[in-house]
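User: I'm new to this one. Could you show me how to read its features, one at a time?

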Amino acid sequence: GSAIIRRSSLGPLVGIMPWNFPAYQIVRFAAPNLIVGNTILLKPAPQCPESAAAIETIYRDAGFPEGAYVNLYISNEQAATIVADPRVQGVSVTGSERAGAAVAENAGRNLKKVALELGGSDPFIVLSTDDLDATVAAAVEARLDNNGQACNAPKRFLVADGLYDAFVEKFAAAMAEAKVGDPFADDTVLGPLSSLAAAERLAEQVDRAVAQGATLVTGGVRDGAYYPGTVLTGVTPDMDAYREEFFGPVGVVYRVADEDEAVDVANA
C-alpha cells in the first residue's frame with residue numbers, strides 16, 4: 001500500500017494567548033497557520049493588548065487580506081461562544097491548567113480540534129559535574145528567566161546525594177543575590193511579577209509549603225508585586241508543593257540517591 005500526506009488549511013482557528021511572551025507566542029501560532037491558509041481569530045491576554053495590535057498591523061501592512069488575522073478583545077465567556085461556533089475549526093490555548101481544562105471541555109463538546117500548552121514543572125537533574133559553579137549558574141539563569149514566569153523553565157532541581165549540600169549552598173546564595181528592583185535598571189535581575197495577584201498567589205504557595213513542613217532556605221518575603229529569588233528544600237509527596245507549579249522565582253531542590261530515583265521523582 002501507500003500513504004499520502006496532505007497539507008491543507010482547515011479554516012478559522014481561535015488562538016487564546018498568554019501574557020508572558022506576548023509577541024513570540026502569537027507569532028508562533030499565527031504565522032504557520034496563515035502560511036498554510038487558515039485564518040486567525042486571536043484572543044490576546046488582557047494585560048498586553050498593544051502587542052497583539054502591533055502584530056495585526058504588521059500583517060495588514062504586509063498585504064494579508066482583511067480578516068485573515070483579527071484580534072478579539074473579549075471575555076472568557078465570549079471566547080467560549082466563539083469556540084463553539086460551527087464556523088470555527090480549531091482552538092489553541094497557551095495558559096493555565098484551569099483555562100486549558102475549560103477550553104478543552106468546550107472544544108470536545110463541539111467536536112473541535114484543540115491544542116493545549118499548559119503549565120509545567122520541569123526537572124533540572126544534576127548527577128555529576130566537573131564545574132559545580134557553572135552548573136549552579138545555569139540553574140539560576142534557567143529558573144529566573146522572565147522573572148521565573150515561563151511554563152517550560154526548570155522549577156525542580158534534582159541533585160545527587162554527593163553534590164546536594166554544596167549545590168543547595170551555592171544555588172541559594174546565587175538566588176539570594178539576584179537583585180530585585182526597577183526592571184529598566186541594568187543590574188536588576190528580578191522586576192515585579194505580572195501582577196499583584198500573581199505575587200500574592202506565589203507567596204501563598206510558598207507559605208503553605210513551609211506550613212506543611214518544607215524548609216525555606218532563602219527568600220520568601222513578598223514586597224508588593226516583587227518577589228525575591230527563593231529556594232525550598234524538604235518537599236515531600238504529601239505536600240501540595242510536590243505537585244504544584246511555582247510561577248515565579250522559586251526553585252525546589254530535591255536530594256536523590258542516583259539516576260533511577262531522579263527519574264522517578266522527575267516523573268512523579
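**Reading the model**

User: Let's start with cysteine 48: is it buried or exposed?

Analyst: The general idea is relative accessible area: under 20% is buried, over 50% is exposed, and in between is partly exposed, using a 1.4 Å probe and protein chains only. Here cysteine 48 comes out at 14%, so it counts as buried. Before we go on, keep in mind that this is a predicted model: local features need pLDDT of at least 70, side-chain atom pairs count only at pLDDT 80 or more, and totals for chains, interfaces and linings use all residues. Residues are numbered from 1 along each chain as its sequence is written, and side-chain values use heavy atoms, leaving out hydrogens and water.

User: How many disulfides does a search of the whole structure find?

Analyst: For a disulfide, you look for a pair of cysteine sulfur atoms within 2.5 Å. Searching the whole structure turns up zero of them.

User: How do I read strand pairing, and in which sense do β4 and β5 pair?

Analyst: First, the labels: helices (H or I, at least four residues) and strands (E, at least two) are DSSP runs, numbered from the N terminus. Two strands pair if DSSP finds at least two bridges between them. In this model, β4 (residues 90-94) and β5 (residues 113-117) have five bridges and run parallel. If you want a spot to look at, find serine 92, which stands opposite alanine 115 in β5.

User: Through which helix does the chain cross from β4 to β5?

Analyst: The link is α4 (residues 97-109), giving a right-handed β-α-β crossover. To judge the hand, point the strands away from you: right-handed means that the path from the first strand over the helix to the second runs clockwise.

User: Now α7. What length would you expect for it?

Analyst: The expected span of a helix is 1.5 Å times one less than its number of residues. Helix α7 (residues 196-211) has 16 residues; 22 Å is expected, and its first and last C-alpha atoms are 22 Å apart.

User: Which residues of α7 are buried?

Analyst: They are Ala198, Ala199, Leu202, Ala203, Gln205, Val206 and Ala209. Those residues take up an arc of only 155° around the axis, so they lie on the same side of α7; the arc is that of the directions from the helix axis to the C-beta atoms. Arg201 and Ala211, on the other side of α7, are exposed.

User: What do the buried residues of α7 pack against?

Analyst: Contact means heavy atoms within 4.5 Å. The buried residues of α7 pack against β8 (215-218), β9 (230-233) and β10 (250-256). Just past α7, have a look at glycine 213, with its positive phi of about 120°.

User: Which residue shows a positive phi without being a glycine?

Analyst: One of them is leucine 111, at about 55°. Leucine 111 belongs to the loop between α4 and β5 and is exposed, at 79%. Asparagine 146 is another residue other than glycine with a positive phi, near 55°. Find asparagine 146 in the loop between α5 (132-144) and β7 (154-160); at 28%, asparagine 146 is partly exposed.
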